[in-house]
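Subject: Structure handover

Hello,

Here is the structure I promised to pass on. Please open it alongside this email. My notes follow below.

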Amino acid sequence: MCVLIQALPGCAYLPDQQPAFVSSPVFDPMIFFSGRTEGRGILKKILSSPTPVTVNGRGIVDEKGILTLDQEVLEGDKSARKRSWRIHRVSSNIYRGSLSDAKGPVAISVDDNRMHISFTMDGGFPVDQYIFLGADGQSATNIMAVRKLGMSVAVLDEEIAKISE
């Protein structure tokens, strides 16, 4: 069904080119999101024009090993909004956490250079996010899909970079 919907103008769809899934470097969100990050991407919502998105983040891992990532999200001409993640490691490749604009918990798993994040937005929309760590360990590609009734209604294709301080 989603393939049929993708034929409609303005429909959200996953990018044709997916980042490479490779065994190294291994994605460690506690390291990658510590310090400053900046993401720049394009948000495609069903029946809407593509919108530029910028995400400025600052992450800190506390003495208990909990990552707090505060972000400012700029979406097109909208006012900036803030959101906050709290993430902790459960096992070698499993993390759990919370997100200020999510309903319920955030589940995270890491397989080699790929991190998969899943949660439900406040409005009840399921979200799947795949972040692929670049070979340099300083950049990543984020593909996030928001679904309704099993169909992608919004997709963010974003490049994230660590910013030197």
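Strand 10 supplies three residues to the lining of the largest pocket, the largest share. Please keep in mind that this is a predicted model.

**The pocket**

The volume of the largest pocket is about 420 Å³. Its lining has 20 residues, and those closest to the centre are Glu75, Arg81, Met121, Met144 and Val146. Several strands take part. Strand 1, strand 2 (51-61), strand 3, strand 4, strand 9 (139-148) and strand 10 (151-163) each give at least two lining residues.

What is the lining made of, by class? Nonpolar residues number 14 and charged residues six, with no polar residues. Glu75 and Arg81 are among the residues closest to the pocket centre. Both turn up again below.

**The salt bridges**

How many salt bridges does the structure hold? There are seven. Three of them are described here.

Start with glutamate 75. Its side chain meets that of lysine 45 in a salt bridge, at 3.1 Å from N to O. This pair ties together distant parts of the chain: glutamate 75 sits in strand 3 (residues 67-75), lysine 45 in strand 1 (residues 35-45), and 30 residues separate them. Is glutamate 75 buried or exposed? Glutamate 75 counts as buried because its relative accessibility is 11%, and the cut-off for buried is under 20%. Lysine 45 has 32% relative accessibility, so lysine 45 counts as partly exposed.

Next, arginine 81. Its side chain forms a salt bridge with that of aspartate 101, at 2.9 Å from N to O. Here too the pair links distant parts of the chain, 20 residues apart. Arginine 81 is in strand 4 (residues 81-89), while aspartate 101 lies in the loop between strand 5 (94-99) and strand 6 (106-111). Aspartate 101 counts as partly exposed because its relative accessibility is 23%. Arginine 81 is partly exposed as well, with a relative accessible area of 35%.

Last, glutamate 38 and arginine 40. Their side chains meet in a salt bridge at 3.3 Å, N to O. Glutamate 38 has 25% relative accessibility, so glutamate 38 counts as partly exposed.

**Where to look**

When you open the model, go to Glu75 and Arg81 at the pocket.

Best wishes

Technical notes: Residues are numbered from 1 along each chain as its sequence is written. This is a predicted model: local features need pLDDT of at least 70, side-chain atom pairs count only at pLDDT 80 or more; totals for chains, interfaces and linings use all residues. Side-chain values use heavy atoms; hydrogens and water are left out. A salt bridge is a side-chain nitrogen of Lys or Arg within 4 Å of a carboxyl oxygen of Asp or Glu. Buried means under 20% relative accessible area, exposed over 50%, partly exposed in between (1.4 Å probe, protein chains only). Helices (H or I, at least four residues) and strands (E, at least two) are DSSP runs, numbered from the N terminus. On a 1 Å grid over the protein atoms alone, a cavity is a set of points where a 1.4 Å probe fits but cannot get out, and a pocket is an open set with protein on both sides within 12 Å along at least five of seven lines; lining residues have an atom within 4 Å of a point. Grid points are joined across faces, edges and corners, and a volume is the space filled by probe spheres set on the points. Ala, Val, Leu, Ile, Met, Phe, Trp, Tyr, Cys and Pro count as nonpolar, Asp, Glu, Lys and Arg as charged, and the others, Gly among them, as polar.
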